[in-house]
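Let us learn to read a protein model by asking about one feature at a time.

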2 protein chains.
Amino acid sequence: MIKIYENPASNELAQILQRPSYDFSKIEKIVKPILEKVQRGGDKALRKLALEYDHVELDDLWVTEEEFEAASGQVQDTLKESIQIAYQNIRKFHEAQLQAPTVMEVMPGVTCSRRQVPIEKVGLYVPGGSAPLFSTVLMLAVPAQIAGCHEVIISSPTNRLGQINPVVLYTAQLVGVKRVLKLGGAQAIAAMGYGTDTVPKVDKIFGPGNQYVTVAKQMLAKQDVAIDMPAGPSEVMVVVDKNSNAAYAASDLLAQAEHGPDSQVVLVSTSKKKAEEVNAEVEAQLSKLSRKKIAEKALGESSIIVVEGRKEVLNIINSYGPEHLIISTEKAEKLAEKVISAGSVFVGEYTPESAGDYASGTNHTLPTNGWAKSYSGVSVDSFVKNITYQRITQEGLMLLGPTVERMAEAELLDGHKNAVTVRLNKIREDGISGKLSKESPEDGESILFRKG
Amino acid sequence: MIKIYENPASNELAQILQRPSYDFSKIEKIVKPILEKVQRGGDKALRKLALEYDHVELDDLWVTEEEFEAASGQVQDTLKESIQIAYQNIRKFHEAQLQAPTVMEVMPGVTCSRRQVPIEKVGLYVPGGSAPLFSTVLMLAVPAQIAGCHEVIISSPTNRLGQINPVVLYTAQLVGVKRVLKLGGAQAIAAMGYGTDTVPKVDKIFGPGNQYVTVAKQMLAKQDVAIDMPAGPSEVMVVVDKNSNAAYAASDLLAQAEHGPDSQVVLVSTSKKKAEEVNAEVEAQLSKLSRKKIAEKALGESSIIVVEGRKEVLNIINSYGPEHLIISTEKAEKLAEKVISAGSVFVGEYTPESAGDYASGTNHTLPTNGWAKSYSGVSVDSFVKNITYQRITQEGLMLLGPTVERMAEAELLDGHKNAVTVRLNKIREDGISGKLSKESPEDGESILFRKG
């Protein structure tokens, strides 16, 4: 039974919604020498670490052409079809995220623009372990592909025979990733973050992982490589009212709980009766799950919060900032509109989180641990950077220059002022010349400043 | 004289372009107790630290109404006008960055959407010191205002009388910021990151600062608050060819060099003769600068790289990833189009960096230290997060559900599968009901899934 709290006072509420905090200093001590070994020893160190930690002897660090070919034959056709449907949905929704350049003449002769440029090299970490997480391949590689990243590599741990699950390889091929590294753990992150003779140093690393992976990403993010976002255990908040279907809500809570013993599961209900019904349903459904033990552990730390009305519900949602938010109440959309902090919102009773985890089209790499207050989930945005450009004509500088001179002077930066003054003096001396004047832009062909 | 390198080999080039690396462990040791003091002691600790480090006794941590009013009277009208022109340009260009929601029915009955939601509370750090950096107020507060952040606070150190520069206060008022905290250094970051009785805990902290500020931001970013981006010394790369104006290029190099002794200044030229001309111009202009000593120090560490042609130039630009890139060559736009990594690009001879630092409309908070390979400069994007939403009708789930079931099964997550199965079973049993079916969406009024 999940513990039920009725109308908690605000300090009690804060306690209930408090996430576990982790002290990573112990893990940092384990991860640091691994990072150093890879930085110093390169490929050789990677092979040694694979043997030491994963008990696997790797001749080639990379998946071979033959392995890719064999993988496709090992995946059932029905599963292939499902992956393709998911791929299409994810692709469609993410393609719509590409942004057109902004081009604007802010003053006569002063044109600014801004455009998305793909991050050149990205590394995607796909965890291994008991299950083949091919959905992670879709969620990371599809936006990378759409963004147009030049080099996309995946790293994923193998089994003891040095094999990566065929579904992962099939999915990688489907989304156009040709380079898959047979590495797991902190050493995989180090390989991609530092680069070796055979592994390219990437500009940004994405993907979930265990605590070693998380800490390795965090440590490298300080100086060496960008990362997608800070990581924490997965979370769901489910909101119900007196008319909600208790079995659906219970199934959603359990889907989250089965992720791991540290999964964060919260039910918010405006009906005590419904809260109890959900609790009973959780008990009933739990017994049938193969990952029952894991889910049970997570549920032991979970909470059901019963509150008066929608205003209180909204307050709880926004102060928690859940990774996944399922709203199964009446007028669910109206409530969803008012959400300020959440990773992804599932609106209405027929929208389980699982749909978004796999195939609805949204991304499942989302901010946990309250980071939804300031971070977005992974999207095409995560695989590009926006570069700004400006082009000023002689006329434009005559107009804007004095403003810049005055502001630089007030900030006591006369070198900044002088960069404008030397130019203005020359224009005043020579008059507006043909070159770089408004009338004859130098490069009429350039796409940078061409409007819509 | 800046040192000139001719056609360096790739390993030599890597050496030349190597940025200084900093060991922050010493500063971390100083910053850590400051953070702890603020976390434990709140406002009282803040007052004590202001006295200890800034030698100022603060009765009120916040700028008062009277101080705001007095500030406006102390700023010259011509400067006010300039700030207003800059404000208009920055506002116009940043307003164009707001994104319309994406709404898409990816399959019949499966609708996804994504929309920008402002980050609720943001803290902007504005450094003090010798000059009043009011331009930082514009560059951070304008996008915050456009994004619609609910709470925008500024923190900036005072002089020993407890006063903040009137130009900073005038600019804050102009952009609608009403709450200015009289704090500098690591304690200011701690105040905004943890919150105290009078300082709200913010969701994200922005702004430049000295090494203590930088390290404090970095330390808090691990667990407590998001930050704009990693910080490093400011940089410019200027590209010239045989026909470029040497005086302009020299003025741009000097504008960067005057920032600080650790400023990164690089000239890339396809003409040795022009490189030498620029060097001579640097000498000539340097003597007139008030911050001559600082600039001289930075120039001592700077480089001029002479290469054969545009291909080599482009390679240097993209492997360095400069914060600011000034292209003063012929066909500057054509070269700029091919740039993959840079923070902001200044195209053509009449586009000095100073223009973008203050008033062209682009943002001046940009990625340094090679982070331009993966990070963008500050923009409206930095002050919002994108939340995704999905709504599935009964028909939609009938269509998509089996895909989700199969994928969840293949990932060995039967709780995930079950969340779909319980719903599909009910629909199959009862038939499509009126509620939540395609024909009668529950909330016709909602803006979340409304197209265009």
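The dialogue below goes from a whole chain to its parts.

Q: What kind of model is this, and how many helices and strands has chain A?
A: This is a predicted model. Chain A has 16 helices and 14 strands. Its C-alpha trace spans about 85 × 60 × 45 Å along the principal axes.

Q: What percentage of the residues in chain A is buried?
A: Buried means under 20% relative accessible area. In chain A, 62% of the 452 residues are buried. The chain exposes about 17,400 Å², and carbon and sulfur atoms supply 48% of that area.

Q: Which rotation superposes chain B on chain A?
A: Two copies of a chain are related by a rotation about an axis and a shift along it. Here the rotation is 180°, with 0.0 Å of shift along the axis, and the RMSD is 0.0 Å. That is the relation of a two-fold axis. In chain B, B:Gln99 has the C-alpha nearest the axis, 4.3 Å from it. The same surface serves both copies, as 100% of the contact residues of chain B recur in chain A.

Q: What is the strand order in the open sheet of chain B?
A: Read the strands across the sheet. The order of the 5 strands is β6-β5-β4-β7-β8 in chain B, with parallel pairing. Strands β6 (179–181) and β8 (226–227) of chain B stand at the edges with a single partner strand each, so one side of each has no neighbour in the sheet. Strand β7 (residues 204–206) of chain B pairs with β8(B) over 2 bridges. There B:Lys204 stands opposite B:Ala226.

Q: Which strands does helix α5 of chain B touch?
A: Helix α5 (residues 134–147) of chain B packs on the sheet and touches β4 (121–125), β5 (151–155) and β7 of chain B. Its direction makes about 170° with that of β4(B). Helix α7 (residues 185–194) of chain B also packs on the sheet, touching β4, β5, β6 and β7 of chain B. For α7 of chain B, the angle with β4(B) is about 175°.

Q: Which residues does UniProt list for "binding site"?
A: The unreviewed UniProt entry lists seven positions in chain A, among them A:Ser234, A:His259 and A:His324. The listed residues are spread in space, up to 55.5 Å between C-alpha atoms.

Q: Is A:His324 buried or exposed?
A: A:His324 counts as buried, at 2% relative accessibility. This residue lies in strand β12 (residues 324–327) of chain A. Its contacts include A:Ser234, A:Gln256 and A:Asp357.

Q: Where is A:His259 found?
A: A:His259 is in the loop between α9 (246–257) and β10 (264–269) of chain A. At 35% relative accessibility, A:His259 counts as partly exposed. Among the residues that A:His259 touches are A:Ser234, B:Leu413 and B:His416.

Conventions: Residues numbered from 1 in each chain as written. Chains lettered and ligands numbered in written order. Predicted model: local features only at pLDDT ≥ 70, side-chain atom pairs only at ≥ 80, totals over all residues. Heavy atoms only, no water. Pairing = 2+ DSSP bridges. Helix = DSSP H or I, 4+ residues; strand = E, 2+ residues; numbered from the N terminus. Contact = heavy atoms within 4.5 Å. Axes fitted to C-alpha atoms, helices over the stretch in contact; angles between N-to-C directions. Least-squares fit on C-alpha atoms with pLDDT ≥ 70 in both. Buried < 20%, exposed > 50% of the residue type's maximum accessible area, 1.4 Å probe, protein only. Areas by Shrake-Rupley, 256 points an atom, 1.4 Å probe, with all protein chains shown as cover. UniProt positions renumbered as here; feature names shortened; annotations may be inferred. Lists of a residue's contacts leave out its neighbours within four places in sequence.
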